[in-house]
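Please find below a colleague's note on the model under review.

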Amino acid sequence: MKSIISSSVFLCIILNMQISKGQDAQLIASHNSKTKTNTPSRSITVKKIRNYDYLKRNAQNERSLEIDRLQQEAANFNLSSLAIYNQSEKSKYNVVIRSPYSTLYIKYDPLGNIISSAEQYKNLKVPLKLSQIIARKYPGWGFEKSTYSVKYRNGKPLKGKYNIRLRKGGKYKSVQFNVL
């Protein structure tokens with residue numbers, strides 16, 4: 001297996017999009033005008049969303065912008081731009097995407113589709129609902145550190161877990177919560 005390390009992190013503009021029923025893997029954009037004009041009408045544009053299953057499954061839970069940004073980078077990663085890439089070769093490509101507090105291990109097939117991922121995000125803001133549960137269960141304890149881990153396998157449910165270190169005075173406690 002080939003390994004590639006990507007240290008670049010870029011900003012993504014997240015568009016609000018509406019996916020029509022039955023078109024889970026395609027983005028459909030159209031323009032309909034009810035008034036008659038002399039200008040030609042616009043046709044429907046269909047664009048395949050790369051690694052849509054990966055993005056859709058990950059979008060089902062509350063998460064931070066850092067997670068969104070890195071998962072977008074993983075979904076849009078272009079294997080064909082690499083010198084070692086060979087589409088006719090039936091090898092899988094392991095890619096590591098890193099940022100200061102996050103690491104994503106992504107496995108791609110030769111066409112650039114995500115087969116699996118193991119992701120870890122450190123010290124990100126814990127989702128509000130989970131924070132409320134922790135506050136009720138551990139009154140007086142504050143958040144010291146958090147780690148969110150998620151595993152994706154194409155066609156299988158996500159597995160996500162928060163490991164949180166709590167602090168109360170000089171005492172520490174570690175707790176885990178499965179979130180998916």
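The points below concern salt bridges, a helix, a loop residue and surface charge.

1. Basis of the note. The model is predicted, so local features need pLDDT of at least 70 and side-chain atom pairs count only at pLDDT 80 or more, while totals for chains, interfaces and linings use all residues. Residues are numbered from 1 along each chain as its sequence is written, and side-chain values use heavy atoms, with hydrogens and water left out.

2. Two salt bridges are found in a search of the whole structure; the term denotes a side-chain nitrogen of Lys or Arg within 4 Å of a carboxyl oxygen of Asp or Glu. Glu66 pairs with Arg69, with 2.1 Å between the closest N and O atoms. Both residues belong to helix α2 (residues 65-75) and are three residues apart, about one turn of the helix. Helices (H or I, at least four residues) and strands (E, at least two) are DSSP runs, numbered from the N terminus. Glu66 is buried, at a relative accessible area of 18%, and Arg69 is buried, at 18%. Buried means under 20% relative accessible area, exposed over 50%, and partly exposed in between (1.4 Å probe, protein chains only).

3. Salt bridge between strands. Glu144 and Arg167 form a salt bridge through their side chains, at 3.8 Å from N to O. This pair links distant parts of the chain, with Glu144 in strand β7 (residues 142-153) and Arg167 in strand β8, 23 residues apart. Glu144 is partly exposed at 33% relative accessibility, and Arg167 is partly exposed at 39%.

4. Two sides of a helix. Which residues of helix α3 (residues 128-137) are buried? They are Leu130, Ser131 and Ile134. These residues lie on the same side of α3, because they cover an arc of only 100° around the axis; the arc is that of the directions from the helix axis to the C-beta atoms. Leu128, Lys129 and Arg136 are exposed on the other side of α3.

5. Backbone at Asn123. Asn123 has a positive phi, near 55°, although it is a residue other than glycine. Asn123 is placed in the loop between β6 (114-122) and α3, and is partly exposed at 46% relative accessibility.

6. Surface charge. Lys151, Arg153, Lys156 and Lys159 form a patch of positive charge on the surface. Patches are made of residues with over 30% relative accessible area and no salt bridge, like charges being joined within 9 Å. Lys159 is in strand β8 (residues 159-168) and is exposed, with a relative accessible area of 62%.

How values were computed. Patches are made of residues with over 30% relative accessible area and no salt bridge: like charges are joined within 9 Å, nonpolar side chains (Val, Leu, Ile, Met, Phe, Trp, Tyr) within 5 Å. Accessible areas come from the Shrake-Rupley method with a 1.4 Å probe; for residues, only the protein chains shown count as cover. Lys and Arg count as positive and Asp and Glu as negative; His and the chain ends are not counted. The place of a charge is taken as NZ of Lys, CZ of Arg, CG of Asp or CD of Glu.
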